[in-house]
Structure formats: C-alpha cells, structure tokens
Amino acid sequence: MPIRPLTFLPASVLRKTAEPVKTVDDDIRQLMDDMLETMRHEQGLGLAAPQIGQSLRVIVMDCSDEDDPDPMIWKMANPEIISASEDTASMEEGCLSIPGYRGEVTRPASVEVSYLDETGAEKTMQADGLLAACVQHEIDHLNGKLFIDYLSRAKRDLIIRKVTKDARIDRDG
Ligand code: NI
C-alpha cells in the first residue's frame, strides 16, 4: 500500500468541488487503503482524496484513541451530512495540507452522515465529539473548503500569505 504525496495549500485541487464516486471498485478501494496509509504516516486523524491530488469524493478517518477497544476506522465514498445538531462545539483544528497552523473552529456538535462503504453498501453514521468535527472537516475538503475559512478574515489571510510565500520559496530555491 503505497504512501502518496500530499498536496498543500495553495494547490488548486484543494479548492475544487470533488467529483462523486460512480462505483466503489478496486481502484477506489486501493485509493482508500493508500489514503489510510498516508494519513497514518503523516499522523493525521483524517484525509480527503483532494489532499493527495485526487478530485474525488472519498475520505478516510481513524479517530480511535489508544485505549479504545473498538478502533474507529472509516473509509467513505460520497459522504454527505444528512442532519446536523443545532448545538455547536468548538475544537482546535489543523490540516495536513496546511502544516504548522491550527485554529479554533465551531461546528455542529453532532451530525448524521450517509456514505458508501468500501463494498459500495449504503450506510449512515452518527457522530459526535472528535469524530463529528473530523468528518465535517473531511467533507469540507470535498467541497473545496478548508478549516481556515472558519477563522477571522485577518487570520485566514495571514495564513494564506505565509503558506503561499513558503511554497514560492520551496519552488524557487
Ligand atoms: Ni484537512
């Protein structure tokens, strides 16, 4: 299961609306496995396909904590939020595509998500706590949205300016 290279802000694929998966076939299953491998290697909790340059509606997550008896590993195609709680929760978020930056994001505290699992079966998931924040963050990626979009304009612009400058320095020298 190869680890795939990550895409970083300001890559345009991170700002595109990703395409729905037509069929969950072997290619999609391979993509899911590679994404999990890449996510673990980078020590992330979740990863969306655009973060490895694939504009497809696929996400993976592993939000289990160490002493959790049931590992919570999720592989999802075409995930969609079908309901969200009115009460909200704030959490400090980061993103593998924006390394070195974190910010407080407020989102619905719990959500219900429909998706196709790795066999193509239609499933729903009820999420709260960390998992709720994680799945909303990853689904945002499929819509070209990043956690920095929830921050104040000043803070967001500062981060974009800094990472764009860093990317230029990497490219030019
Ligand atoms: Ni992210």
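This briefing describes the metal site, the cysteines, the salt bridges and several helices and strands of one protein structure. The model is predicted. A nickel ion is held by Cys 95, His 137 and His 141 as its protein donors, the structure holds ten salt bridges, and the count of disulfides comes to zero.

**Nickel site**

- The nickel ion has three protein donor atoms named here, which are SG of Cys 95, NE2 of His 137 and NE2 of His 141, and they lie 2.1 to 2.3 Å from the ion.
- Along the chain, the donors of the nickel ion follow the spacing C-x41-H-x3-H. Cys 95 belongs to the loop between β4 (88-94) and β5 (102-108), while His 141 belongs to helix α2 (residues 129-142), so this pair ties together parts that are 46 residues apart in sequence.
- Cys 95 and His 141 are both buried, and for Cys 95 the relative accessible area is 10%.
- His 137, another donor of the nickel ion, is among the buried residues of α2.

- Which cysteine sulfur is closest to that of Cys 63, and at what distance? The closest one is in Cys 134, at 3.4 Å, which is too far for a bond, because a disulfide requires the two sulfur atoms to be within 2.5 Å.
- Cys 63 counts as buried, with a relative accessibility of 7%, and Cys 134 is likewise listed among the buried residues of α2.

**Salt bridges across the chain**

- Asp 34 and Arg 4 meet through their side chains in a salt bridge, with an N to O distance of 2.8 Å. This pair links distant parts of the chain, since Asp 34 is in helix α1 (residues 26-41) and Arg 4 is in the segment before α1, 30 residues apart.
- Asp 149 lies in the loop between α2 and α3 (153-172) and Arg 15 in the segment before α1, so the pair ties together parts that are 134 residues apart in sequence.
- In this pair, Asp 149 counts as partly exposed at 23% relative accessibility, and Arg 15 counts as partly exposed at 36%.
- Asp 62 forms a salt bridge with Arg 40, in which the closest N and O atoms are 3.5 Å apart. Here strand β2 (residues 58-62), which contains Asp 62, is linked with helix α1, which contains Arg 40, and the two residues are 22 residues apart.
- Asp 62 is buried, with a relative accessible area of 18%, while Arg 40 is partly exposed at 41% relative accessibility.

**Helix α2 and the residue after it**

- Helix α2 is mostly covered, with twelve of its 14 residues buried. Among them are Leu 131, Ala 132, Ala 133, Val 135, Gln 136 and Ile 139.
- Just after α2, the backbone of Gly 144 takes a positive phi of about 75°.

- Strand β6 (residues 110-116) pairs with strand β7 (residues 122-128) in the antiparallel sense, and the pairing runs over seven bridges.
- The bridge partner of Leu 116 is Glu 122, in β7.
- The two strands form a hairpin with five residues between them, and in the turn Gly 120 has a positive phi of about 90°.

**Gln 30 in helix α1**

- Gln 30 lies in helix α1 and counts as partly exposed, at 38% relative accessibility.
- Gln 30 and Ser 12 are 18 residues apart along the chain, and their C-alpha atoms are separated by 24 Å.

Note on methods: Residues numbered from 1 in each chain as written. Predicted model: local features only at pLDDT ≥ 70, side-chain atom pairs only at ≥ 80, totals over all residues. Heavy atoms only, no water. Buried < 20%, exposed > 50% of the residue type's maximum accessible area, 1.4 Å probe, protein only. Donors = N, O, S within 2.8 Å, 3.2 Å for Na, K, Ca; no water. Helix = DSSP H or I, 4+ residues; strand = E, 2+ residues; numbered from the N terminus. Salt bridge = Lys/Arg side-chain N within 4 Å of Asp/Glu carboxyl O. Pairing = 2+ DSSP bridges.
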